[in-house]
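Please read them with the structure open.

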Amino acid sequence: MSRVTPHVFLTRFNLPANRVEQAIFSPEWLDARMQLFEAYTVPSVRAQGREGVSWVVYLDALGTPQWLRDRMVELQQELPLHPIYLDGPLDREAIKTHVMQVSGQTSGLVSTSNLDNDDGLATDFVRRVRALVPDQAPAALYLTRGLILSGDRVYLRQDRDNAFGAVVDDVSSPGFVSCWAARHNELDSLMPVVREDGAPAWLQVVHGRNVSNRVGGRMTSPGRQASYFPGLIDDLPPLSRQDKARDAVAQPVRLVRDRVLRPGASVLRKVIGVRRYESLKLTFGSLGK
(Lines give C-alpha, C1' and ligand atoms only; values in the text may rest on other atoms or scores of the structure.)
Protein backbone atom coordinates (compact mmCIF):
# COMPACT_ATOMS: atom_id res chain seq x y z
CA MET A 1 0.00 0.00 0.00
CA SER A 2 1.42 3.37 -1.01
CA ARG A 3 2.15 6.00 1.62
CA VAL A 4 -0.44 8.74 2.02
CA THR A 5 0.91 12.18 1.16
CA PRO A 6 0.08 14.61 3.99
CA HIS A 7 -2.16 17.45 2.85
CA VAL A 8 -2.33 20.85 4.55
CA PHE A 9 -5.02 23.40 3.76
CA LEU A 10 -3.97 27.03 4.19
CA THR A 11 -6.63 29.65 4.94
CA ARG A 12 -6.10 33.34 5.50
CA PHE A 13 -9.20 34.18 7.56
CA ASN A 14 -8.73 37.78 8.68
CA LEU A 15 -4.97 38.20 8.44
CA PRO A 16 -4.58 41.27 6.19
CA ALA A 17 -2.14 41.22 3.31
CA ASN A 18 -2.18 45.04 3.15
CA ARG A 19 -3.76 48.09 4.77
CA VAL A 20 -6.66 48.14 2.35
CA GLU A 21 -7.64 44.62 3.35
CA GLN A 22 -7.30 45.55 7.00
CA ALA A 23 -9.81 48.36 6.53
CA ILE A 24 -12.57 46.02 5.28
CA PHE A 25 -12.30 43.54 8.16
CA SER A 26 -15.10 45.19 10.15
CA PRO A 27 -17.27 43.40 12.77
CA GLU A 28 -20.01 43.13 10.14
CA TRP A 29 -17.53 41.59 7.68
CA LEU A 30 -16.42 39.04 10.28
CA ASP A 31 -20.01 38.07 11.10
CA ALA A 32 -20.93 37.58 7.45
CA ARG A 33 -17.70 35.74 6.67
CA MET A 34 -18.12 33.38 9.62
CA GLN A 35 -21.57 32.41 8.36
CA LEU A 36 -20.10 31.46 4.98
CA PHE A 37 -17.16 29.73 6.66
CA GLU A 38 -19.46 27.50 8.70
CA ALA A 39 -21.87 26.88 5.81
CA TYR A 40 -19.32 25.88 3.14
CA THR A 41 -15.70 25.71 4.27
CA VAL A 42 -16.02 23.85 7.57
CA PRO A 43 -18.25 21.03 6.18
CA SER A 44 -15.90 20.67 3.22
CA VAL A 45 -12.83 20.04 5.36
CA ARG A 46 -14.81 17.75 7.68
CA ALA A 47 -15.74 15.62 4.65
CA GLN A 48 -12.08 15.04 3.72
CA GLY A 49 -11.49 12.90 6.80
CA ARG A 50 -8.52 13.18 9.15
CA GLU A 51 -5.99 10.77 7.65
CA GLY A 52 -3.00 12.92 6.78
CA VAL A 53 -5.15 16.06 6.57
CA SER A 54 -4.37 19.28 8.47
CA TRP A 55 -5.82 22.77 8.28
CA VAL A 56 -3.99 25.97 9.17
CA VAL A 57 -6.22 29.01 9.63
CA TYR A 58 -4.34 32.31 9.93
CA LEU A 59 -5.92 35.02 12.06
CA ASP A 60 -4.96 38.54 13.07
CA ALA A 61 -3.67 38.47 16.65
CA LEU A 62 -4.83 42.05 17.25
CA GLY A 63 -8.07 42.17 15.28
CA THR A 64 -9.72 38.84 16.14
CA PRO A 65 -12.55 39.20 18.68
CA GLN A 66 -12.95 36.77 21.56
CA TRP A 67 -16.10 35.14 20.12
CA LEU A 68 -14.16 34.14 17.00
CA ARG A 69 -11.26 32.79 19.08
CA ASP A 70 -13.72 30.76 21.15
CA ARG A 71 -15.36 29.33 18.05
CA MET A 72 -11.98 28.29 16.65
CA VAL A 73 -11.32 26.37 19.87
CA GLU A 74 -14.67 24.59 19.49
CA LEU A 75 -13.96 23.68 15.87
CA GLN A 76 -10.61 22.18 16.88
CA GLN A 77 -12.52 19.47 18.74
CA GLU A 78 -14.02 18.09 15.53
CA LEU A 79 -11.59 19.12 12.81
CA PRO A 80 -7.83 18.88 12.16
CA LEU A 81 -7.83 22.66 12.52
CA HIS A 82 -4.88 24.72 13.77
CA PRO A 83 -5.63 28.43 14.27
CA ILE A 84 -2.46 30.52 14.18
CA TYR A 85 -2.55 34.13 15.36
CA LEU A 86 -0.02 36.55 13.89
CA ASP A 87 0.67 40.23 14.51
CA GLY A 88 3.10 40.65 11.64
CA PRO A 89 3.78 39.56 8.07
CA LEU A 90 3.69 35.93 7.00
CA ASP A 91 6.76 34.73 5.10
CA ARG A 92 7.82 31.52 3.41
CA GLU A 93 9.90 30.26 6.31
CA ALA A 94 7.01 30.73 8.74
CA ILE A 95 4.68 28.80 6.44
CA LYS A 96 7.20 25.98 6.20
CA THR A 97 7.50 25.83 9.99
CA HIS A 98 3.72 25.73 10.39
CA VAL A 99 3.31 23.04 7.73
CA MET A 100 5.90 20.87 9.46
CA GLN A 101 4.28 21.40 12.85
CA VAL A 102 0.71 20.55 11.87
CA SER A 103 1.57 17.68 9.51
CA GLY A 104 4.12 16.16 11.86
CA GLN A 105 6.50 15.81 8.93
CA THR A 106 10.16 16.78 9.05
CA SER A 107 10.97 15.22 5.68
CA GLY A 108 9.23 13.85 2.64
CA LEU A 109 6.49 15.15 0.39
CA VAL A 110 3.71 17.35 1.75
CA SER A 111 1.04 19.01 -0.37
CA THR A 112 -0.53 22.35 0.49
CA SER A 113 -3.58 23.98 -1.06
CA ASN A 114 -5.29 27.31 -0.62
CA LEU A 115 -8.79 27.33 0.80
CA ASP A 116 -10.57 30.67 1.06
CA ASN A 117 -12.87 31.10 4.04
CA ASP A 118 -15.99 31.37 1.88
CA ASP A 119 -15.45 28.44 -0.49
CA GLY A 120 -16.11 24.70 -0.48
CA LEU A 121 -14.68 21.41 -1.70
CA ALA A 122 -15.93 18.15 -3.15
CA THR A 123 -15.78 15.27 -0.68
CA ASP A 124 -12.98 13.56 -2.65
CA PHE A 125 -10.80 16.65 -3.16
CA VAL A 126 -7.81 15.44 -1.12
CA ARG A 127 -7.98 11.91 -2.52
CA ARG A 128 -7.86 13.22 -6.08
CA VAL A 129 -4.99 15.61 -5.35
CA ARG A 130 -3.02 12.74 -3.83
CA ALA A 131 -3.56 10.70 -6.99
CA LEU A 132 -1.78 13.44 -8.97
CA VAL A 133 1.39 13.60 -6.82
CA PRO A 134 4.36 12.97 -9.14
CA ASP A 135 7.75 11.47 -8.28
CA GLN A 136 9.49 14.81 -8.79
CA ALA A 137 8.88 17.85 -6.60
CA PRO A 138 7.99 20.63 -6.42
CA ALA A 139 4.95 20.43 -8.65
CA ALA A 140 1.62 22.24 -8.94
CA LEU A 141 -1.51 20.10 -8.99
CA TYR A 142 -4.84 21.32 -10.36
CA LEU A 143 -8.28 19.75 -10.36
CA THR A 144 -9.57 21.88 -13.19
CA ARG A 145 -13.37 21.55 -12.92
CA GLY A 146 -15.50 23.13 -10.24
CA LEU A 147 -18.73 24.94 -9.49
CA ILE A 148 -19.62 28.57 -8.94
CA LEU A 149 -22.58 29.29 -6.70
CA SER A 150 -24.38 32.59 -7.18
CA GLY A 151 -27.68 33.01 -5.35
CA ASP A 152 -29.60 29.81 -5.99
CA ARG A 153 -27.92 29.01 -9.29
CA VAL A 154 -24.89 26.81 -9.92
CA TYR A 155 -22.46 27.09 -12.84
CA LEU A 156 -20.05 24.42 -14.05
CA ARG A 157 -16.66 25.91 -14.82
CA GLN A 158 -13.31 24.68 -16.05
CA ASP A 159 -10.32 26.69 -14.83
CA ARG A 160 -6.92 25.18 -15.60
CA ASP A 161 -5.11 27.39 -13.06
CA ASN A 162 -7.77 27.83 -10.40
CA ALA A 163 -7.44 29.18 -6.86
CA PHE A 164 -7.64 25.67 -5.37
CA GLY A 165 -4.33 24.59 -6.90
CA ALA A 166 -2.10 22.48 -4.67
CA VAL A 167 1.68 22.41 -4.49
CA VAL A 168 3.61 19.32 -3.41
CA ASP A 169 7.20 19.63 -2.20
CA ASP A 170 9.70 17.99 0.12
CA VAL A 171 9.21 19.73 3.44
CA SER A 172 12.87 19.20 4.33
CA SER A 173 14.03 21.10 1.25
CA PRO A 174 15.76 24.44 2.08
CA GLY A 175 13.75 26.02 -0.73
CA PHE A 176 10.42 24.44 0.24
CA VAL A 177 7.49 26.12 -1.51
CA SER A 178 3.79 26.06 -0.68
CA CYS A 179 0.68 26.83 -2.71
CA TRP A 180 1.28 30.49 -1.80
CA ALA A 181 4.66 30.60 -3.55
CA ALA A 182 2.98 32.62 -6.33
CA ARG A 183 -0.49 33.57 -7.50
CA HIS A 184 -2.50 30.45 -8.32
CA ASN A 185 -2.39 31.20 -12.06
CA GLU A 186 1.37 31.81 -12.05
CA LEU A 187 2.63 28.65 -10.35
CA ASP A 188 3.51 27.19 -13.74
CA SER A 189 6.32 29.74 -13.99
CA LEU A 190 8.00 28.13 -10.95
CA MET A 191 7.42 24.40 -11.35
CA PRO A 192 5.93 21.61 -13.48
CA VAL A 193 2.14 21.29 -13.51
CA VAL A 194 -0.13 18.24 -13.34
CA ARG A 195 -3.85 18.61 -14.12
CA GLU A 196 -6.93 16.41 -13.86
CA ASP A 197 -10.11 17.23 -15.81
CA GLY A 198 -12.53 15.08 -13.84
CA ALA A 199 -15.72 15.76 -11.91
CA PRO A 200 -16.27 19.11 -10.12
CA ALA A 201 -13.78 19.36 -7.25
CA TRP A 202 -14.37 22.82 -5.78
CA LEU A 203 -17.10 25.36 -5.10
CA GLN A 204 -16.62 29.13 -5.30
CA VAL A 205 -19.31 31.25 -3.69
CA VAL A 206 -20.13 34.58 -5.34
CA HIS A 207 -21.61 37.04 -2.86
CA GLY A 208 -21.82 40.77 -2.23
CA ARG A 209 -18.59 40.97 -0.23
CA ASN A 210 -16.52 38.97 -2.69
CA VAL A 211 -14.31 41.09 -4.95
CA SER A 212 -12.51 38.32 -6.86
CA ASN A 213 -15.02 35.65 -7.85
CA ARG A 214 -17.61 36.11 -10.56
CA VAL A 215 -20.09 33.91 -12.38
CA GLY A 216 -18.47 31.85 -15.12
CA GLY A 217 -19.01 28.66 -17.07
CA ARG A 218 -22.46 27.30 -17.89
CA MET A 219 -25.50 26.91 -15.68
CA THR A 220 -25.96 23.36 -14.47
CA SER A 221 -28.55 21.41 -12.52
CA PRO A 222 -27.80 21.49 -8.76
CA GLY A 223 -29.23 17.99 -8.41
CA ARG A 224 -26.73 16.65 -10.93
CA GLN A 225 -23.79 18.00 -8.91
CA ALA A 226 -25.08 17.65 -5.32
CA SER A 227 -23.52 14.22 -4.72
CA TYR A 228 -20.05 15.79 -4.90
CA PHE A 229 -20.97 18.46 -2.35
CA PRO A 230 -23.43 16.91 0.12
CA GLY A 231 -25.12 19.48 2.32
CA LEU A 232 -23.81 22.47 0.35
CA ILE A 233 -26.16 22.73 -2.64
CA ASP A 234 -28.81 20.09 -1.87
CA ASP A 235 -31.63 22.55 -1.26
CA LEU A 236 -31.29 24.58 -4.45
CA PRO A 237 -34.24 24.63 -6.88
CA PRO A 238 -34.04 22.73 -10.18
CA LEU A 239 -33.43 24.57 -13.44
CA SER A 240 -36.40 25.79 -15.41
CA ARG A 241 -36.65 26.13 -19.18
CA GLN A 242 -36.46 29.89 -18.73
CA ASP A 243 -33.21 29.52 -16.77
CA LYS A 244 -31.67 27.45 -19.54
CA ALA A 245 -32.80 29.90 -22.21
CA ARG A 246 -31.38 32.91 -20.39
CA ASP A 247 -28.09 31.14 -19.77
CA ALA A 248 -27.80 30.21 -23.45
CA VAL A 249 -27.63 33.95 -24.13
CA ALA A 250 -25.50 34.92 -21.13
CA GLN A 251 -22.85 32.23 -21.44
CA PRO A 252 -21.16 33.58 -24.61
CA VAL A 253 -21.08 37.07 -23.03
CA ARG A 254 -19.31 35.71 -19.95
CA LEU A 255 -16.82 33.88 -22.14
CA VAL A 256 -15.91 37.03 -24.06
CA ARG A 257 -15.66 39.01 -20.80
CA ASP A 258 -13.21 36.51 -19.31
CA ARG A 259 -11.07 36.45 -22.43
CA VAL A 260 -10.79 40.25 -22.37
CA LEU A 261 -10.61 41.05 -18.65
CA ARG A 262 -8.29 38.33 -17.43
CA PRO A 263 -5.38 39.16 -19.74
CA GLY A 264 -5.96 42.86 -19.06
CA ALA A 265 -5.84 42.31 -15.32
CA SER A 266 -2.55 40.40 -15.65
CA VAL A 267 -1.00 43.25 -17.61
CA LEU A 268 -2.24 45.86 -15.12
CA ARG A 269 -0.86 43.82 -12.22
CA LYS A 270 2.57 43.72 -13.83
CA VAL A 271 2.55 47.44 -14.66
CA ILE A 272 1.45 48.86 -11.30
CA GLY A 273 2.63 46.06 -9.01
CA VAL A 274 0.82 43.39 -7.03
CA ARG A 275 0.16 45.51 -3.93
CA ARG A 276 -1.37 48.45 -5.82
CA TYR A 277 -3.39 46.07 -7.99
CA GLU A 278 -4.84 44.28 -4.97
CA SER A 279 -5.70 47.62 -3.40
CA LEU A 280 -7.50 48.74 -6.55
CA LYS A 281 -9.36 45.45 -6.76
CA LEU A 282 -10.56 45.72 -3.19
CA THR A 283 -11.55 49.36 -3.64
CA PHE A 284 -13.31 49.22 -7.00
CA GLY A 285 -14.32 45.56 -7.30
CA SER A 286 -13.07 42.71 -9.37
CA LEU A 287 -10.89 43.29 -12.42
CA GLY A 288 -10.39 39.60 -12.98
CA LYS A 289 -8.38 36.91 -11.33
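**Notes on the predicted model**

1. Phe125 is buried, at a relative accessible area of 1%. Here buried stands for under 20% relative accessible area, exposed for over 50%, and partly exposed for what lies in between (1.4 Å probe, protein chains only). Tyr58 and Trp180 form a tilted pair, because their ring centres are 5.9 Å apart and their planes stand at 45°. Rings of Phe, Tyr and Trp (its six-membered ring) pair if their centres lie within 6.5 Å, and planes under 30 degrees apart count as stacked, over 60 as edge-to-face and the rest as tilted. Tyr58 belongs to strand β2 (residues 53-60) and Trp180 to the loop between β9 (166-170) and β10 (193-196), so that the pair links distant parts of the chain, 122 residues apart. Tyr58 is buried at 0% relative accessible area, whereas Trp180 is partly exposed at 24%.

2. On conventions: this is a predicted model, in which local features need pLDDT of at least 70 and side-chain atom pairs count only at pLDDT 80 or more, while totals for chains, interfaces and linings use all residues. Residues are numbered from 1 along each chain as its sequence is written, and side-chain values use heavy atoms, with hydrogens and water left out.

3. The protein chain has eight helices and 12 strands. Helices (H or I, at least four residues) and strands (E, at least two) are DSSP runs, numbered from the N terminus. Of the 289 residues, 50% count as buried. The accessible surface comes to about 13700 Å², and 52% of this belongs to carbon and sulfur atoms; the areas come from the Shrake-Rupley method with a 1.4 Å probe, and for residues only the protein chains shown count as cover. Among contacts between residues at least 6 apart in sequence, 80% join residues at least 24 apart, where contact means heavy atoms within 4.5 Å.

4. The search of the whole structure for aromatic pairs finds five. In one of them, Phe9 with Phe125, the ring centres are 6.1 Å apart and the planes are at 35°, so the pair is tilted. Phe9 lies in strand β1 and Phe125 in helix α5 (residues 125-132), so this pair ties together parts 116 residues apart in sequence. Phe9 is buried, at 0% relative accessibility. Phe13, Phe37 and Trp55 form one aromatic cluster.

5. Two arginines sit over rings. Arg12 lies over the face of Trp180, 5.6 Å from the ring centre, and Arg69 lies over the face of Tyr85 at 4.4 Å from the ring centre. The criterion is NZ of Lys or CZ of Arg within 6 Å of the ring centre and within 35 degrees of the ring normal.

6. Which residues does the side chain of His7 reach by polar contact? Ser111 is joined to His7 by a side-chain polar contact of 2.8 Å, and the side chain of Ser113 makes another with His7, at 2.8 Å. A polar contact is a pair of N or O atoms within 3.5 Å; within protein, one must be able to donate a hydrogen and the other to accept it, and residues adjacent in sequence count only if both atoms are side-chain atoms. His7 is found in β1 (residues 7-12) and is buried, with a relative accessible area of 0%. Leaving out residues up to four places away in sequence, His7 touches several residues, including Gly52, Phe125, Arg130 and Ala166.

7. Strand β1 is mostly covered, with five of its six residues buried. Strands pair if DSSP finds at least two bridges between them. Six bridges join β1 to β2 in parallel, with Thr11 opposite Val57. Four bridges join β1 to β4 (residues 109-114), also running parallel, and His7 stands opposite Ser111 there.

8. Elsewhere, five strands form an open sheet of mixed pairing, in the order β5-β11-β7-β8-β12. β5 (120-121) and β12 (218-220) are at the edges with a single partner strand each, so one side of each is left without a neighbour in the sheet. Strands β7 (residues 145-150) and β8 (residues 153-158) run antiparallel and are joined by six bridges; Leu149 stands opposite Val154 in β8.

9. Arg46 sits in helix α2 (residues 27-47) and is partly exposed at 41% relative accessibility. Arg46 and Thr123 are 77 residues apart in sequence, with a C-alpha to C-alpha separation of 8.8 Å. Not counting residues up to four places away in sequence, Arg46 touches Glu78 and Leu79.
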